[in-house]
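Welcome! Take a look at the protein below, and then we will walk through a few of its features together.

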Amino acid sequence: MTARSLRAVLPAPRPHWVGDGFLVSPLFGDLAFSEAISPFLMLDWAPEHHFPPAPAARGVGPHPHRGFETVTIVHAGEVVHRDSAGHGGRIGPGDVQWMTAGGGLEHEEMHADALHRDGGPVSMAQLWVNLPSRSKRVPPRYQPILATEIPVIDAPDHRLRLVAGDFADRRGPAATHTPLTVIDGHLAAGAALAPTFPDGWTVLIAVLDGEVSVAGRSVTGPAVAVLDRRGDTVPLAAHGDAHVLLLAGEPIDEPIAHMGPFVMNTREELIEAVADWRAGRMGRLD
Ligand code: MN
């Protein structure tokens, strides 16, 4: 076993609104959409925000995606999803929505009715996961993953929810296109653990809340620790209650071309995506 060393700590950028429903901080900062964090692309973190009652649902109206997956992990509140491929769903605290945009769709992400009628807190994370070129045009897919379906690795001082991947002899429910692991974890004061991921993989520890020592360096959330790809174990210690996402995956060794809601391999494919969307070839959300 070789402990990984810390490559960088990314402080949280200033929050911005996505639509009128999500006040998020893009935690990968300057490394978003770069090879350094492949297969991950982007991570928007919305810490708990209390919304007063409103006459209509807040959220993000219809917009397209192509070439990657969006993974929404809800911690507070309830979000309703609807897309042009005919998928839809409602996810609440602890639930995860794993959406494969693949060849393209339009979708909307809104607060649930009760939330805009009565008001209430919203907290969620949305991770964007890249697809390899061979999967960038697969049919759109929607995996609703309820909290009750997520294996929990429970210890006196930590609780890890395995959303995707193999970890500690368990397997997360999400089907993925490349090998990767997504864990939503809570650490208690005094927790010390050393999760292991394959040598050569990207490993990112997103400290959403609290303070965690990562490979010997104290990281105060919200912030992301980027580990070296060499090695396997990641020494973690919590000084108090902490909420973390453990993200690990085999890098996709391909060019990344990104423009707004599209992530392809080349600029030509981005131009094609815009044209396809404008022509209605990704479907339309009524
Ligand atoms: Mn979206």
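How are the donor residues of the manganese ion spaced in sequence? They follow the pattern H-x1-H-x41-H-x1-E. This is a predicted model, in which local features need pLDDT of at least 70, side-chain atom pairs count only at pLDDT 80 or more, and totals for chains, interfaces and linings use all residues. Residues are numbered from 1 along each chain as its sequence is written, and side-chain values use heavy atoms, with hydrogens and water left out.

**The metal site**
- His-63 (NE2), His-65 (NE2), His-107 (NE2) and Glu-109 (OE) coordinate the manganese ion at 2.1 to 2.5 Å; donors are N, O and S atoms within 2.8 Å of the metal (3.2 Å for Na, K and Ca).
- His-63 sits in strand S5 (residues 59-65) and His-107 in strand S10 (residues 105-111), 44 residues apart; strands are DSSP runs (E) of at least two residues, numbered from the N terminus.
- His-107 is buried, with a relative accessible area of 0%, and His-63 is buried at 16%; buried means under 20% relative accessible area, exposed over 50%, and partly exposed in between (1.4 Å probe, protein chains only).

**Salt bridges**
- The count comes to 11 salt bridges, each a side-chain nitrogen of Lys or Arg within 4 Å of a carboxyl oxygen of Asp or Glu.
- Glu-35 pairs with Arg-229, their closest N and O atoms being 3.1 Å apart, and these partners are 194 residues apart in the chain.
- Glu-35 is partly exposed at 46% relative accessibility, whereas Arg-229 is buried at 15%.
- Asp-184 forms a salt bridge with Arg-161 at 3.0 Å between the closest N and O atoms, and both residues are buried.

Note on methods. Helices (H or I, at least four residues) and strands (E, at least two) are DSSP runs, numbered from the N terminus.
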